[in-house]
Amino acid sequence: MSARDEILGRVRAALADVTEVPAAPAAPRRSPVADVVGLFEERVADYRAVVVRTTAGGLPAALRDALPAGASAVIPPGLAGTLGLSGTGFVVDDGELSAAQLDQVDAVITASAVGIAETGTIVLDHAPDQGRRAITLVPDTHVCIVRADQIVLDVPDATALLRAAVLAGRPLTWISGPSATSDIELSRVEGVHGPRNLVVVIVESPQG
Amino acid sequence: MSGTFVGMPKFPVAARAALEDTQLRHNLAHATSTIRGKRARLVDEVNEVSSWEDLRLAGAGVKEAALLSLETQLLRLEETLTANGAIVHWARDAEEACRIVATVATSHQVDEVVKVKSMVTQEIGLNEALAAAGIAAWETDLAELIVQLGDDLPSHILVPAIHRNRAEVREIFLRAMKTVGRPAPEDLTDEPAVLAAAAREHLREKFLRARVGVSGANFAVAETGTLVVVESEGNGRMCLTLPEVLISVVGIEKVVSTWDDLDPLLRLLPRSSTGERMNPYTSTWSGVTPGDGPQEVHVVLLDNGRTRALADQVGRQALRCIRCSACLNVCPVYERTGGHAYGSVYPGPIGAILNPLLKGFGVDEQTDSLPYASSLCGACFEACPVRIDIPSVLVDQRAKVVDAHRDSRVPKVEQLAFKGAAVALSDARRLGFGERFTKVGLGVARRLGAAAWTSARDLPPAPAESFRAWWKRTDGGRDESTKESGR
């Protein structure tokens with residue numbers, strides 16, 4: 001008998017006493033807040049990430065300010081030409097840059113799919129304006145653009161919005177602050193393997 | 001100490017040795033009290049805007065529903081993973097799982113793999129099996145790296161090197177990093193930030209060159225064929241993203257039914273585990289993504305005793321465990337003995353019930369000693385985000401341990417005691433007769449068998465007369481004039 005059939009047979013035998021499977025109770029929702037963007041800003045900053053608020057017009061300047069002086073940066077193909085950034089330091093990812101090459105780049109600039117206020121999380125669904133996973137992993141600074149209208153209150157709002165991307169087979173990366181560890185005496189240290197600097201640029205909606 | 005738990009002594013023996021290690025007790029008390037405080041503050045924060053208890057009920061509910069329909073969920077997971085381009089393997093036990101991983105790695109002619117911290121690969125002894133196949137498995141989580149470089153054993157689910165303080169970590173890095181790759185800088189201090197930076201430099205070269213990555217998974221979503229890894233450092237992202245080949249070993253109890261089921265679990269896990277609103281990184285992937293990450297993705301679905309646990313109607317709730325380690329951090333026993341005394345990669349209260357469930361009762365003395373490694377105070381149940389009633393399972397398992405030894409030539413002490421009690425209590429005359437020997441019996445017990453019991457507890461003094469003797473003498477309390485008959 002194959003391992004598969006044997007394991008499934010054991011599962012069936014183990015659950016012979018089960019006559020019905022009770023449905024899980026619905027998860028509770030967090031009470032609403034007036035200023036979702038403000039909560040997001042506060043919670044992201046709590047992880048010691050840098051948070052900047054700007055407008056669409058102020059975005060190029062905000063991005064330049066977010067990068068260390070003279071830093072090189074990789075940009076996903078879906079963002080190229082839309083940021084008002086130019087210069088020799090900017091590289092558009094063609095999908096061919098190796099991990100070793102990415103390791104020589106100082107920073108990465110991406111858009112995002114969703115921001116979660118309650119937990120201060122940004123989620124990438126790796127659409128063309130966010131690029132493949134490696135580009136937001138290897139460089140040491142990640143500058144991430146979040147539109148104010150992408151920010152939701154809590155995790156269930158985010159999972160609902162992300163469902164389509166997952167069903168389309170896309171990977172997700174949830175980011176809550178810079179890379180961190182608490183492995184030595186449980187004292188939190190920011191910066192291990194992922195980007196040690198995270199800059200979240202919130203772009204206000206035109207009316208707001 | 002070598003890198004295996006095989007042959008560990010019974011809990012009471014191992015615990016006694018651990019209790020004498022004052023450094024260990026200091027490290028553990030500091031670490032567990034820190035994390036308890038963080039978790040408690042976040043639970044309070046949730047209760048201000050929502051209900052932690054309702055969240056626990058939802059989290060327990062989605063895990064329970066998936067377990068009770070496990071065959072359906074596993075078949076669906078296999079189907080969706082395969083449709084997403086993953087290659088699904090099934091492994092009955094540790095040996096079969098290790099063989100599958102080694103075969104895949106060997107087929108790519110590699111002599112090393114990079115690993116995401118994973119309890120299940122510890123459970124099956126994957127590193128040792130790969131070493132036997134000539135493949136070095138590099139642990140990339142900081143705490144696992146400390147354990148691996150120190151030729152040590154993990155002692156906590158979340159923070160395997162919780163028993164080490166910063167000075168010890170520095171010493172291990174200075175001594176061992178140079179033997180397996182980039183050496184630690186000579187001016188290394190014991191600042192956690194400096195130590196973390198040394199780990200970053202040491203592991204970077206391994207991440208950038210690795211062709212095969214190995215992981216576990218925190219969750220597997222049947223509906224979408226998606227695996228989820230929850231982590232902090234980014235070493236997980238490195239291992240899941242940069243190699244050409246990814247092999248994930250997933251216990252069959254990790255499956256949840258739908259994508260939406262992740263919501264309560266992703267809210268419960270980081271708060272219970274590291275005491276954070278959200279962990280720094282959560283990665284989800286659904287098989288192969290063209291042009292992004294590993295282009296060959298394997299998933300090994302592992303039993304290794306899980307179906308045995310599932311068949312236990314009281315104990316099966318332990319399979320809801322999401323490995324947060326909150327029960328360890330609140331346990332008065334764990335806080336004093338540390339993880340090694342439990343003799344398993346799963347220590348603490350959850351380990352005390354999970355190990356016997358996975359391995360069976362009456363198989364080895366060490367495992368049989370675990371259900372007794374608890375004061376039954378119930379703090380673990382209170383802290384558990386998926387409401388595993390660990391104290392009830394412990395009590396049930398103590399009975400099962402005794403049951404498993406009924407035919408032993410040397411019966412367990414409590415078995416003899418209860419046999420005696422059954423004889424005495426089943427007949428009024430026998431009880432009356434026995435009561436006359438209470439004083440003598442207690443005196444004998446004090447000198448003989450009860451020494452282990454009385455070393456930490458009081459054995460009550462024998463009463464001057466039994467209740468029945470008093471009733472008879474005083475006519476049920478109506479006549480106190482009669483003198484007590486001396487015995």
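## Where two helices meet

Which residues of α1(A) meet which residues of α4(B)? On the chain A side they are L8(A), V11(A) and R12(A), and on the chain B side L70(B), E71(B) and L74(B). Keep in mind while you look around that this is a predicted model.

The axes of α1(A) and helix α4 of chain B (residues 70-83) are 9 Å apart, and the two pack at an angle of about 155°. Angles over 145 degrees count as roughly antiparallel, so that is what α1(A) is to α4(B).

## The wider contact

Zoom out, and the contact between the chains takes in 67 residues from chain A and 78 residues from chain B. On the chain A side, several elements supply at least two residues each: α1 (3-14), α4 (99-102), α5 (155-167), β9 (172-175) and β10 (180-181). The biggest giver there is α1(A), with 10 residues.

What sort of residues make up the side of chain A that touches chain B? They split into 33 nonpolar, 18 polar and 16 charged.

Now for the strands. An open sheet of 8 strands takes in both chains, and you can follow it in the order β8(A)-β5(A)-β6(A)-β9(A)-β9(B)-β6(B)-β5(B)-β8(B), with mixed pairing. At the edges stand β8 (151-152) of chain A and β8 (255-256) of chain B; each has a single partner strand, so one side of each has no neighbour in the sheet.

The chains join up where β9(A) pairs with β9 of chain B (residues 281-285): the two run antiparallel, joined by 4 bridges. Here W174(A) has T282(B) as its bridge partner. Within chain A, strands β5 (residues 114-116) and β6 (residues 121-124) also run antiparallel, held by 3 bridges. Look for V114(A), which stands opposite V123(A) in β6(A).

Over in chain B, helix α12 (residues 262-273) lies across β5 (219-221), β6 (226-231), β8 and β9 of that chain. This helix runs at about 165° to β5(B).

## The nonpolar core

The largest nonpolar core has 195 residues. Those with the most contacts inside it are V200(A) and V201(A) from chain A, plus V101(B), V300(B), L301(B), A318(B) and C327(B) from chain B. Helix α5 of chain B (residues 94-107) brings the largest share of this core, 7 residues.

Take V101(B) as a place to start exploring. Leaving out residues up to four places away in sequence, V101(B) touches L126(B), L130(B), V214(B), I247(B), V249(B) and V300(B).

Technical notes: Residues are numbered from 1 along each chain as its sequence is written. Chains are lettered from A and ligands numbered from 1 in the order in which they are written. This is a predicted model: local features need pLDDT of at least 70, side-chain atom pairs count only at pLDDT 80 or more; totals for chains, interfaces and linings use all residues. Two residues are in contact if their C-beta atoms, placed from the backbone, lie within 7 Å. Ala, Val, Leu, Ile, Met, Phe, Trp, Tyr, Cys and Pro count as nonpolar, Asp, Glu, Lys and Arg as charged, and the others, Gly among them, as polar. Two strands pair if DSSP finds at least two bridges between them. Axes are lines fitted to C-alpha atoms, for helices over the stretch in contact, and angles run from 0 to 180 degrees between N-to-C directions. Angles under 35 degrees count as roughly parallel, over 145 as roughly antiparallel, 65 to 115 as roughly perpendicular and the rest as oblique. A nonpolar core is a set of buried Ala, Val, Leu, Ile, Met, Phe, Trp, Tyr and Cys residues joined through C-beta atoms within 7 Å. A residue is buried if 20 or more other C-beta atoms lie within 10 Å of its own, exposed if 12 or fewer, and partly exposed in between; C-beta atoms are placed from the backbone.
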